[in-house]
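Here is a short briefing on selected helices and side chains. Keep the structure open as you read.

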Amino acid sequence: MNGSDSISTGPGSGVARRSDATRGAILAAARERFAADGYERATIRAIAKDANIDPSMVMRYYRNKEGLFAAAVAIDLRLPDVSGAERRHNTGRILVEHFLDMWENNEVLTALLRVGVTNQAGAERMQGILRDQLLPVTRQVCPDPEQVPARAALMASQLLGLALTRYVLRMPPAVGLARAEIVAWLAPTIQRYLTAPSP
């Protein structure tokens with residue numbers, strides 16, 4: 001490969017930027033289409049049309065609908081470390097504030113929730129994210145290792161319930177709650193689910 005070829009296709013080049021832009025357009029269109037139509041009814045052709053590209057480009061980057069879906073809803077919750085003694089006592093507040101930030105600033109999570117409540121593939125994807133990312137955090141603070149899965153599920157029920165009513169269904173009373181009110185209501189419940197003695 002000569003020097004000009006290396007420059008034209010290297011990171012930061014016009015080709016790389018166009019590729020990133022194309023991938024971004026495809027993923028944005030896919031999230032919208034999966035959220036609106038569900039996994040089964042969403043098609044590569046419709047997603048490509050929404051992204052204003054040829055369907056072959058979608059196949060080139062993601063091979064098939066399953067690969068596209070996995071990429072579209074891939075998300076790192078970036079959950080905080082709550083292992084320190086002081087943070088363990090404030091885990092509920094820390095996690096509620098963190099999830100509020102995530103829901104309000106990451107459309108991928110909202111799209112995944114929309115798909116997850118109507119579609120098995122979406123539900124399985126959501127279950128995997130929660131299993132792989134919520135369980136380790138729960139394990140840091142739970143007093144009984146055997147109760148980690150149940151406590152993580154209880155925590156998820158509150159956080160996902162809030163997200164569903166506030167960001168997906170947009171129920172006016174839920175939308176109308178101030179951030180401080182949500183934290184004040186929800187944090188003690190999350191804390192109890194994670195650290196209180198078993199009833």
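The side chain of Gln-191 reaches the backbone nitrogen of Gly-92, at 2.7 Å. The model is predicted, and the values below are computed from it.

**Gln-191**
- Gln-191 sits in helix α12, which spans residues 179-195.
- Its relative accessible area is 15%. The cut-off for buried is under 20%, so Gln-191 counts as buried.
- Beyond its neighbours within four places in sequence, Gln-191 contacts Arg-88, His-89, Asn-90, Thr-91, Gly-92 and Ala-196.

**Helices α7 and α10**
- Helix α7 covers residues 91-105, and helix α10 covers residues 148-168.
- The two pack at an angle of about 35 degrees, and their axes lie 11 Å apart.
- Their crossing is right-handed.
- From α7, the contact uses Leu-95, Val-96, Phe-99, Leu-100, Trp-103 and Glu-104.
- From α10, it uses Met-155, Leu-159, Leu-160, Leu-162, Ala-163, Arg-166 and Tyr-167.
- By class, 11 residues of this contact are nonpolar, two are charged and none is polar.

**Thr-138**
- Thr-138 belongs to helix α9, residues 120-141.
- Buried or exposed: which is Thr-138? Thr-138 is buried, because its relative accessibility is 0%.
- A polar atom of the Thr-138 side chain lies 2.9 Å from the backbone oxygen of Leu-134.
- Leaving out residues up to four places away in sequence, Thr-138 touches Val-148, Arg-151, Ala-152, Met-155 and Leu-194.
- Met-155 also takes part in the contact of α10 with α7.
- Thr-138 and Ala-152 are 14 residues apart in sequence, yet their C-alpha atoms are 6.0 Å apart.

- Helix α4 runs over residues 55-62, and its buried residues are Val-58, Tyr-61 and Tyr-62.
- Why do these residues count as lying on the same side of α4? They cover an arc of only 75 degrees around the axis, so they share one side of α4.
- An α-helix has 3.6 residues a turn, so residues three or four places apart point the same way.
- Arg-63 follows α4 and has a positive phi, near 70 degrees.

How values were computed. Residues are numbered from 1 along each chain as its sequence is written. This is a predicted model: local features need pLDDT of at least 70, side-chain atom pairs count only at pLDDT 80 or more; totals for chains, interfaces and linings use all residues. Side-chain values use heavy atoms; hydrogens and water are left out. Axes are lines fitted to C-alpha atoms, for helices over the stretch in contact, and angles run from 0 to 180 degrees between N-to-C directions. Helices (H or I, at least four residues) and strands (E, at least two) are DSSP runs, numbered from the N terminus. A crossing is left-handed if the near helix is turned anticlockwise from the far one by less than a right angle, and right-handed if clockwise. Contact means heavy atoms within 4.5 Å. Ala, Val, Leu, Ile, Met, Phe, Trp, Tyr, Cys and Pro count as nonpolar, Asp, Glu, Lys and Arg as charged, and the others, Gly among them, as polar. Buried means under 20% relative accessible area, exposed over 50%, partly exposed in between (1.4 Å probe, protein chains only). A polar contact is a pair of N or O atoms within 3.5 Å; within protein, one must be able to donate a hydrogen and the other to accept it, and residues adjacent in sequence count only if both atoms are side-chain atoms. The arc is that of the directions from the helix axis to the C-beta atoms.
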